[in-house]
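Subject: Structure for your review

Dear colleague,

Please find below the structure that I am handing over to you. My findings follow it.

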Amino acid sequence: MVKQGLQVAIDGPASAGKSTVAKLVAKRFGYVYVDTGAMYRTVTYWAMQHHVALTDEAAVIALMPTLTIGFKPGEPNQLVFANTVDVTMAIRQPDVTNNVSTIAALPKVREILTDQQRRIAAAGGVVMDGRDIGTTVLPQAEVKIFLVASAAERAQRRYTENLKKGIQTPLAQLQAEIELRDHKDSTRKVSPLTQADDAVLVDTTPMSIEEVVTTIADIIKKQNSTI
């Protein structure tokens, strides 16, 4: 298979701006954007809808053949589907957000979704964001970015985002949830959140979205001088 562009892996903790930035970077280069976090969120949502215990790996795995995760372009956000059901908003609700780390820690679930993600990325020309893209999913990616931001800044971003969606959650609660999510993601046994040795660290705390996108675009251009 001839690759039609680079594999760009963007990792980092919750609310570091990965999805927003990844979409814009993909658009700038005409690449496909793959939201791996939405895939785990959709599995979490599906298990909750079917009243499956999220810690019961066998039960979650048994349920997964009934689920096809799909993506479609949308404005302002990419649409996410569980089979034919639009779950774009549902998977961003607090109940899913606060439980997705449990699903993401299940080895067999990660194995299934990782295989799907690698197939999507095989042809190149993709921007994929998550927590273990550069270390586990696409360890051979030509460009690896690790985005970080302070917990306070990430909580403020999520608070603002939630208000736009009509979700009312106290700022202090959001920061506590983000810090707990960081701990779960960085200490899980399977594919913990960690910066790949060859990833470029980008601290987005003092940066605007456009500044982050430009920084990553410059990194991509240096890697592929033909762009």
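Which residue of β5 does Ala82 stand opposite? Ala82 stands opposite Val85 in β5. Please note that this is a predicted model, in which local features need pLDDT of at least 70 and side-chain atom pairs count only at pLDDT 80 or more, while totals for chains, interfaces and linings use all residues. Residues are numbered from 1 along each chain as its sequence is written, and side-chain values use heavy atoms, with hydrogens and water left out.

The sheet

Strands of a sheet pair through backbone hydrogen bonds, either parallel or antiparallel. Here, three strands form an open sheet in the order β3-β4-β5, with antiparallel pairing. The strands β3 (69-72) and β5 (85-86) are at the edges and have a single partner strand each, so one side of each lacks a neighbour in the sheet. Strands are DSSP runs of E with at least two residues, helices are runs of H or I with at least four, and both are numbered from the N terminus. Two strands pair if DSSP finds at least two bridges between them.

Between β3 and β4 there are four bridges, and Ile69 stands opposite Ala82 in β4. These two strands form a hairpin with six residues between them. Strand β4 (residues 79-82) is joined to β5 by two bridges. The hairpin of β4 and β5 has two residues between the strands, and Asn83 there takes a positive phi near 60 degrees.

The helix pair

Helix α8 (residues 151-164) packs with helix α9 (residues 171-187) at an angle of about 120 degrees, and their axes are 8 Å apart. Axes are lines fitted to C-alpha atoms, for helices over the stretch in contact, and angles run from 0 to 180 degrees between N-to-C directions. The angle makes α8 oblique to α9; angles under 35 degrees count as roughly parallel, over 145 as roughly antiparallel, 65 to 115 as roughly perpendicular and the rest as oblique. Contact (heavy atoms within 4.5 Å) involves residues of α8 including Tyr159 and Asn162, and residues of α9 including Leu174 and Ile178.

A residue in helix α6

Thr114 lies in helix α6 (residues 107-121). Is Thr114 buried or exposed? Thr114 is buried, with a relative accessible area of 6%; buried means under 20%, exposed over 50% and partly exposed in between, with a 1.4 Å probe and protein chains only. Leaving aside neighbours within four places in sequence, Thr114 is in contact with Tyr40 and Val137.
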